Amino acid sequence: MAVLSERVQHGLESIVGDRVRVDRVERRMYSADIGEMPRLVKPFVRAGLAGGVVRPRTEAEAVALVRFAGENSLKLVPRGASTSGYGGVLPVEGAVVVDLSGMHEVLEVDATARTVRVQPGLIWEELARRLESDGLALRLYPSSTPSSSVAGWLAQGGAGFGSYEYGMFKDNVASARVVLPTGEVRTFTGSELGTLIADAEGITGIITEVTVMLRDLEPEVHRLVAFTDALALNAALRDISIQGLPIWSITFLNPESTGLKKKLPHRHGHPYEEAHSHYEPEMPEAFLAVIAYPESRTGRVDNALAAIVTAHGGSELPKEAAEHEWEQRFAPMRLKRVGPSIIPTEVVVPLTELAAVLREIDAKIHQPFVLEGMVGKGDRVVLLGFIPHDSRTFAFNAAFALSLSVIAIAKRHGGAAYSTGLYFRREAPTVLGADRVRALTAFKAKVDPSGVMNPGKVLGRGVIDLLMGTASALEPLIRPIANLMKPPATVKLKDRRGIPADVAYYAYACAQCGYCVHTCEEYSGRGWMSHSPRGKYLYLREVMEGREKFDQKMVDTFLVCTTCEVCNTRCQLQLPVEHSWMTMRGKLIQNEGRMTFPPFEMMAASLRGENNIWAGKREKRADWVPEDIAPKIKENAPVAYFAGCTASYVNTDVAQATVRLLDKAGIEFTTLGTDEACCGIPMKVAGRWDVFEEIYLHNTAEARKRGVKTIVTSCPACGLVWKELYAQLAAQRGEPYEFEVKHYSELAAEALADGRLVFDHEVNKTLTFHDSCHMGRAQGNYEPPRDLLKAIPGVTVVEMEHNREEGLCCGSVLTLIGDTPVAPILGRMRLDEAVDAGADAMVALCPCCQVQLRDSADKNGIDLPVDDLARVLMEGLGLHIDSSSANSLLQWGYFEKFIYLMEPEAMADLMAALLPEMMAAMPAGMVPMIKAARAIPGGLALMSKMMPVMMPMLVPGIMPKVMPAMLAEVSRRVGPLPDDMEALMPDLLPKTMDALMPNMLPLLIPFITPKMMAYVRNDL
Ligand SMILES: Cc1cc2nc3c(=O)[nH]c(=O)nc-3n(C[C@H](O)[C@H](O)[C@H](O)COP(=O)(O)OP(=O)(O)OC[C@H]3O[C@@H](n4cnc5c(N)ncnc54)[C@H](O)[C@@H]3O)c2cc1C
Ligand code: SF4
Ligand code: SF4
């Protein structure tokens, strides 16, 4: 059962509405976890492609899903964030994945009982953030806190930071509500919870609520201690335990881990990294223990700990190094970047045996072995180890057996594998204990006799168990061979199945950890994995493995990323994620000639003809310049203000206020005047890199003509282009590039600091500042705009929940153009935060953010003005500039109509209205032939089959002839346009159609064919 029947699909839709997907790409995205099985082992694994994916939002929906599954012999697989790696979340072929990430609310905080009741899909990071405001903290959390879910940890089981004091997660859960496979909802507590729900990997039901025990939030002390060998580390840890030091968390790294980290490429050469340079302390290649405890316990810990460290020859490292390691605690897979793959292994061993285990691993594993340990309550130590390798090589298959060697070593020392899942079911008696396995088996037989819930996990036997059993038995024989199977000494970067070499490497290196998922603007506006960075890298891997091929839908998915760069800040491997999608745009559109978002083609036509994207006239580009400022603008000057299209034609208040500000600050400047062209970013993100290159040549030449050395922008995207993208292109072309780039807010803040700018007029408002992605994350400019606002008398600046590096994207340009209905959803998320912060207005400095946020406020009925920073600063100087808000909405309105008009269905409708003109424009003899075909039985059916062949041959000849009628029809549909736009249309529309039709026709044909046949039958 590869795909669900239509009947089942409709049944699921009747439960969760449009939160169902059955397309192959999405099914694939939800049929993976973080693990990577060797190619030779995969055929033996009982996991396949999901039949569908559903995203319930309520417990009632979960109940209905379970009942529906029972009645229709479906299999269900609960899924949290899929950050586990034991196959527990992998569906059997045709199963329905129940993605619980949409159930993510905090339901109740009980500060007295110190508990919180939450929905299952809530991510730990979000919960911790939410608890802070109540003075509460998590007792323990996993190192996957930035992505994993609360119920996922309960179902998967495990230890984390804080386990030294609090034990396993399940010991810190007061209760859990579970939808059993019968459809009954039951609350589990105590030993029943620990036996039947915890570590059960969803085989006994869907967890829909969890009540988690908490502790008080307290300042913490973090210490970093180096030990020369495993023996010293082990002895010190034992003394800490014996003396009962009230420590909260103890974790450690092995020397190889520190050594390899030094080889990590920290830079990927983008300004983002310069803006976010990370402090990297010099670490000794030793066993490094990271110890954390509440500040209130220093009296009971500090001296005793110091004595233990000294007694075992340890040395404490500086505080900054300790804080750095602490901050890095959520990046345990960072070293995958040097892989690009890893061979993982996870075991639990007694503390007493730690040194012996580590020594044996050292003696028996002859490949680089990265190890992190977590000391748990009851002197149990979780060891997470991995060997960096390359899954693309044959050697990976054999080397993978070393993961079993580590399990064998652990077992010899009284330890066990860490988890069961799909791959280690045969280890269930040692992982869970024989009694629990018996209890689980009996319960499962009672509530789920037909195996609806997550079949094949934890219990049962199959080929994979036989394979694992045989491999374990032969481990001593296999190990020497596995040790010889090293990855290539240097990783070769090469294109793979058309995926550019660097992106191909990143796709394999991506740990699939999911840190980038819920914070991704593209994902959060839609909720489907294919729209997340994790999903896209996975998809690229599938393309490279030959299992997927790009279609227009996936091209659009890569194009529609907002370029917000949140993913770059979230990625624990520090991959240049957003830059990967930029590379893919060039590959898909420029190199392969696929279709970009249609409105970009109209922009390209406008740009090539008129130098701007708003279909304004080139000679009017500098009309915004205030009369009194015009004479002050130099013909030539080292500094040029580059206004950009939106500030020149739409939000002219931005440009006007900026030049006044520069003038007030005493800065002499020139502009490129009517010779300025769009910076080109729309063409870069559209993948039209040919047009981008033309623009680069034009703008840099114009700037050089005027002796410009510094470009000042108001639009952050223009700034990013001049700073990064032109510079890159110049380097590619082997040309010098001399321009320095500044945002006006940086210059104004400097002028404020040295007294050239003084705000002397009160503006009595509470304002919040929206960090534009291209200004903040991409260029690291956060404080100057805030410093300026705060300097205005009467202004109170309040911060939104997400600000600076974490600031939410407005959801602009690519969403507006590529998926217009999603844009107000994203805009609303930003605006709501401003309202919650109590702001009278949101201040933004990016003209494009302003267009989007104003449009979103309008569409969502949110009464919050969106003002421009420079315009507000003018008020502080006692100057008034009319807001362009109304014009911004008006101009966007025209644009939006064109966007909708260019959707395939609407375009087909437009062409259908032109059928009489199209017939008249056909080559001689065509119409009689069509009429003859109409007279023959079955002739029309044959003709409709031939449309995909005929249309591409006919349309290029027909289009010029029907253009006058098409222009009239467009005018009728879009309504009256501004004069200049109307005047330019006869030039823009034919060029747009020429560029679009080769790619768009196949998408139009399914819509236009029935209309054409009806016309031929009835009206021709
Ligand atoms: C970088 C990184 C660090 C990690 N660090 C740790 C760590 O410190 N400690 C640790 O223990 N693990 C760790 N893990 C493993 C993993 O993150 C944890 O097991 C995590 O708790 C899984 O949560 P999840 O939401 O991703 O669950 P998933 O992976 O989605 O699911 C795990 C299992 O639970 C089941 N399940 C999920 N949700 C439900 C539900 N609502 N009802 C019933 N069953 C459900 C699934 O079917 C599956 O069998 C780490 C992983 C990564 C990538
Ligand atoms: S740049 Fe933003 S929208 Fe694009 S993938 Fe990254 S996080 Fe998502
Ligand atoms: S892109 Fe980075 S953060 Fe996202 S899943 Fe991959 S490794 Fe994790």
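Q: At what relative accessibility does Trp 722 stand, and does that count as buried or exposed?

A: Buried means under 20% relative accessible area, exposed over 50%, and partly exposed in between, with a 1.4 Å probe and protein chains only. Trp 722, at 0% relative accessibility, therefore counts as buried. This is a predicted model, in which local features need pLDDT of at least 70 and side-chain atom pairs count only at pLDDT 80 or more, whereas totals for chains, interfaces and linings use all residues. Residues are numbered from 1 along each chain as its sequence is written, chains are lettered from A and ligands numbered from 1 in the order in which they are written, and side-chain values use heavy atoms, with hydrogens and water left out.

Q: How many aromatic pairs does the structure hold, and what describes a pair of aromatic rings?

A: A pair of aromatic rings is described by the distance of the centres and the angle of the planes. Rings of Phe, Tyr and Trp (its six-membered ring) pair if their centres lie within 6.5 Å, and planes under 30 degrees apart count as stacked, over 60 as edge-to-face and the rest as tilted. The structure holds 29 aromatic pairs. In one of them, the ring centres of Trp 722 and Phe 739 are 5.3 Å apart and the planes stand at 80°, so the pair is edge-to-face. Because Trp 722 lies in helix α31 (residues 716-733) and Phe 739 in the loop between α31 and β22 (740-743), the pair ties together parts that are 17 residues apart in sequence; helices (H or I, at least four residues) and strands (E, at least two) are DSSP runs, numbered from the N terminus. Ring pairs also link Trp 722 and Phe 739 into a cluster with Phe 642, Phe 692, Tyr 696, Tyr 726 and Tyr 737.

Q: Which ring does the charged end of Lys 684 sit over?

A: A charge sits over a ring if NZ of Lys or CZ of Arg is within 6 Å of the ring centre and within 35 degrees of the ring normal. The charged end of Lys 684 sits over the ring of Trp 689, 3.6 Å from its centre, while Arg 392 lies over the face of Tyr 508, at 5.1 Å from the ring centre.

Q: Which residues come nearest to ligand 1?

A: A residue is near a molecule if one of its heavy atoms lies within 4 Å of it. Of the 38 residues around ligand 1, those that come nearest are Pro 78, Thr 83, Ser 84, Ser 149 and Tyr 418. Helix α5 (150-156) is among the elements that each supply at least two residues of this shell, and α5 gives the most, with five residues.
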